[in-house]
Amino acid sequence: MVSARLAGFDGARPLLLAVAPLLPVAGVAVSYGRADPMHETVAATPSGGLRLLLVRTAGVLAVCVPLLTAAGLLLPDGVGGPGAAAWLLPGLALTVATLLLGSFTGCAAASAATSALWLLGLACLGAPSVPGAAAAPGGAAAVLRTALETSLGTVLSGPGAQAAWAACGAVCAVLLAARRTAFDRLERM
């Protein structure tokens, strides 16, 4: 982050915005389920299940959100790209979607699937910009940065995109509430 600021590296902000929504998702993967060495013991207690998973997820978000937002604010400004906090609603929606999918597959598998879909979506949205940017000065790094900026601009910028992420998060939260008893069973976690 400091070297990106001092060197004026323009690709640091898009890279942070691409990875930032995945860090809370990764935290969910290790906060509950088979990754937790005390999972069987904790899940058998009355405070286990979705309640404990939500408490642990809140802890992950309490660490990730301030650190990632501060890192985004310290990075060099991108030209016309999404702001430093544009990842917040997508990060929240991906986290809740991971919790919902985790009620079917377990948290680790859900985290892997959600992360893969996010990265695949960014790659597919940025792919159309790659052929036009092939002649850009700077070679492959410039092409990849242009593709990433294009896809992030589509996914994160504007009130329509942010409203869609908010709606996705709300729908996933309602569905998660309906599936709350799935976290009481040890077979899938």
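Good morning. Residues are numbered from 1 along each chain as its sequence is written.

Let me begin with confidence. The term pLDDT is the predictor's confidence in each residue, from 0 to 100. The protein chain has an average pLDDT of 80, and 79% of the residues score at least 70. Confidence is highest in helix H10 (residues 159-178), at a mean of 94, and lowest in helix H1 (residues 2-7), at 44. Over residues 1-7, pLDDT stays under 50. Where pLDDT is low, the predicted coordinates should not be read in detail.

Next, the overall architecture. Helices (H or I, at least four residues) and strands (E, at least two) are DSSP runs, numbered from the N terminus. The protein chain has 10 helices and zero strands. Of its 189 residues, 42% are buried, where buried means under 20% relative accessible area, exposed over 50%, and partly exposed in between (1.4 Å probe, protein chains only). A contact means heavy atoms within 4.5 Å. Among contacts between residues at least 6 apart in sequence, 75% join residues at least 24 apart.

I turn now to helix packing. Axes are lines fitted to C-alpha atoms, for helices over the stretch in contact, and angles run from 0 to 180 degrees between N-to-C directions. Angles under 35 degrees count as roughly parallel, over 145 as roughly antiparallel, 65 to 115 as roughly perpendicular and the rest as oblique.

How do helix H3 (residues 22-31) and H5 pack, and at what angle? Their axes are 9 Å apart, and the angle is about 150 degrees. H3 and H5 are therefore roughly antiparallel to each other. On the H3 side, the contact is made by Leu23, Pro24, Gly27, Val28 and Ser31, and on the H5 side the residues include Leu53, Arg56 and Thr57. By class, this contact of H3 with H5 has eight nonpolar, three polar and one charged residues. Here Ala, Val, Leu, Ile, Met, Phe, Trp, Tyr, Cys and Pro count as nonpolar, Asp, Glu, Lys and Arg as charged, and the others, Gly among them, as polar.

The axes of helix H5 (residues 50-74) and helix H6 (residues 88-105) come within 12 Å and cross at roughly 155 degrees. H5 and H6 are therefore also roughly antiparallel to each other. From H6, the contact is made by Leu88, Leu92, Thr95 and Leu99, and among the H5 residues are Thr57 and Leu61. The contact of H5 with H6 has seven nonpolar, three polar and no charged residues.

Thr95 is found in helix H6 and, at 1% relative accessibility, counts as buried. Beyond four places in sequence, Thr95 touches Pro24, Val25, Val28, Thr57 and Leu61.

Gly59 has its place in helix H5. Is Gly59 buried or partly exposed? At 36% relative accessibility, Gly59 counts as partly exposed.

Leu122 lies in helix H7 (residues 107-126) and counts as buried, at 5% relative accessibility. Leaving aside neighbours within four places in sequence, Leu122 is in contact with Ala18, Leu148, Ser151, Leu152 and Val155. Thank you.

Notes
Predicted model: local features only at pLDDT ≥ 70, side-chain atom pairs only at ≥ 80, totals over all residues. Heavy atoms only, no water.
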